[in-house]
Protein chains: 4
Amino acid sequence: MPKNVMQDDAEKILAVAEREALRLGKGLSVAVVDSGGFIVSIRRFDGARPMTPLIALSKAYTSAVMQRPSGMLKGWSQSDPVFFGKVGDLGQFPIVATGGGVTLKLEGEFVGGVGVSGGTPGEDEAIAQLILSELGYETDFSEWAGAREAAAETKD
Amino acid sequence: MPKNVMQDDAEKILAVAEREALRLGKGLSVAVVDSGGFIVSIRRFDGARPMTPLIALSKAYTSAVMQRPSGMLKGWSQSDPVFFGKVGDLGQFPIVATGGGVTLKLEGEFVGGVGVSGGTPGEDEAIAQLILSELGYETDFSEWAGAREAAAETKD
Amino acid sequence: MPKNVMQDDAEKILAVAEREALRLGKGLSVAVVDSGGFIVSIRRFDGARPMTPLIALSKAYTSAVMQRPSGMLKGWSQSDPVFFGKVGDLGQFPIVATGGGVTLKLEGEFVGGVGVSGGTPGEDEAIAQLILSELGYETDFSEWAGAREAAAETKD
Amino acid sequence: MPKNVMQDDAEKILAVAEREALRLGKGLSVAVVDSGGFIVSIRRFDGARPMTPLIALSKAYTSAVMQRPSGMLKGWSQSDPVFFGKVGDLGQFPIVATGGGVTLKLEGEFVGGVGVSGGTPGEDEAIAQLILSELGYETDFSEWAGAREAAAETKD
């Protein structure tokens, strides 16, 4: 039974990310954290900008402790930005609502999070999703209900 | 005469919240604080996400020290978000303008606050309101005058 | 196989603590966190001082994320207080080197932490230890090697 | 001419650290940063405690931006702990005076820093020194003059 992502899992994740970074010809940083959001592995591939490892970490942390991909928090962040900003200061690392972060889930258990930074928003998100699908992690997360509710309220 | 919510009161509040959490089939966290905003009881029911206890606490704290339900601060937060964000940093815990937090008031005295987190915004707010009505706490709070003023200015 | 302490476990822990608080006639606060240091349950028993829930939380957090009882960090804190103070700011909550915090470990797995605050240092520690022994948690933690080394260096 | 440590260099550093961690049978974390103190690579080997990656990072950061091994700051930290504590808050990560951190210097140029955490103070320091000698980094750093001065004053 899975408990937390280990070095071996992290290396596989980083290998997919590095391959994609080379394919794109971009400097990327990737962070892997365990289910409590603690660092397992961070790597800044050559050419990635100095702040990208910490940006990747904030995406990985968010996806682990919020238990859904960081991009799924966009609805919340946009419907109530001041509140979301405050919530974002409550953890060990910043909680962010942006693409490029995914939750690691195996057999229904949360085992960690991954964050990618340094590409375009679309590239970061595509690589994060590729990591999940290529390595067999689950991809089904219930969307934050508040976003749908807020959208519904707006429509009325 | 009441002064502050005690463990016995907190247990009754938590029992209502737990019953509703089970009825909804959702993982919720609930926080109860005294009139000074200090923690009396926090509980993360099974399945609630890791950050929900602190989000519940911020709602309970806000409702206690601002002496009106946290959702009632929305007008202020929206009419002057930068100022509200700064005010939100002044306390012991974040001050937030969102539903799911209610002030505990008995015989005209402020005795504490409750915060609920983990459901949709509508669910959190409905449970918080149910706690007030079912346990006999007062529900009349004068709305923040600034919100009405701002609204009036907009109309002019 | 255990993963993290749940509400049911937390209630048993709080029951032992409450019984001891009543026996001592003291206002105590108790905090229970999961293996990542996230709040599971906090309770301030009647009469406990306002800051005690957060002090209990810092002890519980420390014991969970440092993976040994908070009191076991005293050697480190005393041999290198400036460094320990900096490390103490790196987490979600303060990391402290004081008695009254214990790590929850079952079948060799770290499943959480407990912190007790409000009594004398000896009382807080005795209650924390009683929780471990009475509820069948493991009590063997390898002591921090640095403390022994520092002590040995001092002796030389 | 060297400027900054790259992924290839970081991998060699991590390989030495992992070999030593396996030899000691201990869970260690290692951090590598560039000459500006920005993360290049962090790895928490299996079994290392949750906070060790950040402790390793603070040692690597210190050694990079202070341009001498973190342990060399002990004299300063002990002769003026309050001042040193404040200085330690001025950077992007904590500046610490403890063993286990070394500056990466090649051909007289500062190219980064390494931090090791999770072993005894002696083990962390020995591994850090081994990384320098085995991989051909320079080991000569002028000691902080203030420490000698303070020592001289004490003798007078």
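In this predicted model, chain C and chain D bury about 1,600 Å² between them. Carbon and sulfur atoms give 66% of that area. On the chain C side, three residues stand out: C:Phe83, C:Lys86 and C:Leu90 supply 38% of the area that chain C buries against chain D, more than any other three residues. In terms of contacts, 19 residues of chain C meet 21 residues of chain D.

C:Lys86 forms a salt bridge with D:Asp89, with the closest N and O atoms 2.5 Å apart. C:Lys86 is also one of the three residues that lead the buried area on the chain C side. The count of residue pairs in polar contact, both at pLDDT 80 or more, is 3.

Which elements of chain C give two or more residues to the side that touches chain D? They are helix H2 (52-65), helix H4 (81-87) and helix H6 (145-155) of chain C. H4(C) gives the most, with 4 residues. By residue class, this side of chain C divides into 11 nonpolar, 4 polar and 4 charged.

**The A–D interface**

Chain A also contacts chain D. Here the buried area is about 1,700 Å², and carbon and sulfur atoms give 56% of it. The contact joins 19 residues of chain A to 19 residues of chain D. A:Gln7, A:Ile39 and A:Arg44 supply 31% of the area that chain A buries against chain D, more than any other three residues.

The rule finds 4 salt bridges across this interface. One of them links the side chains of D:Glu11 and A:Arg43, at 3.5 Å from N to O.

Helix H1 (7-24), S2 and helix H2 (52-65) of chain A each supply at least two residues of the side that touches chain D. S2(A) gives the most, with 6 residues. This side of chain A divides into 11 nonpolar, 3 polar and 5 charged residues.

The table sets out the two interfaces.

| Interface | Buried area | Carbon and sulfur share |
|---|---|---|
| chain C and chain D | about 1,600 Å² | 66% |
| chain A and chain D | about 1,700 Å² | 56% |

An open sheet of 8 strands runs in the order S3(A)-S4(A)-S1(A)-S2(A)-S2(D)-S1(D)-S4(D)-S3(D), with antiparallel pairing. Why is one side of strand S3 in chain A and of strand S3 in chain D left without a neighbour in the sheet? Strand S3 (101-106) of chain A and strand S3 (101-106) of chain D stand at the edges, each with a single partner strand, so one side of each has no neighbour there. Neighbouring strands of this sheet are turned by 15° against each other on average, direction ignored.

The two chains join at S2. Strand S2 (residues 39-44) of chain A and strand S2 (residues 39-44) of chain D pair in the antiparallel sense over 3 bridges. Within this pairing, D:Ile42 in S2(D) is the bridge partner of A:Ile42.

Two helices of chain D touch strands from both chains. Helix H1 (residues 7-24) of chain D lies across S2 of chain A together with strand S1 (29-34), S2, S3 and strand S4 (109-117) of chain D. H1 of chain D runs at about 25° to S2(D). Helix H2 (residues 52-65) of chain D packs on the sheet, touching S2 of chain A and S1, S2, S3 and S4 of chain D. The direction of this H2 makes about 155° with that of S4(D).

Strand S2 (residues 39-44) of chain B and strand S2 (residues 39-44) of chain C run antiparallel, joined by 3 bridges. In S2(C), C:Ser41 is the bridge partner of B:Arg43.

Note on methods
Residues numbered from 1 in each chain as written. Chains lettered and ligands numbered in written order. Predicted model: local features only at pLDDT ≥ 70, side-chain atom pairs only at ≥ 80, totals over all residues. Heavy atoms only, no water. Pairing = 2+ DSSP bridges. Axes fitted to C-alpha atoms, helices over the stretch in contact; angles between N-to-C directions. Contact = heavy atoms within 4.5 Å. Buried area = accessible area lost by both parts, 1.4 Å probe. Polar contact = N/O pair within 3.5 Å; in protein donor to acceptor, adjacent residues only side chain to side chain. Nonpolar A, V, L, I, M, F, W, Y, C, P; charged D, E, K, R; others polar.
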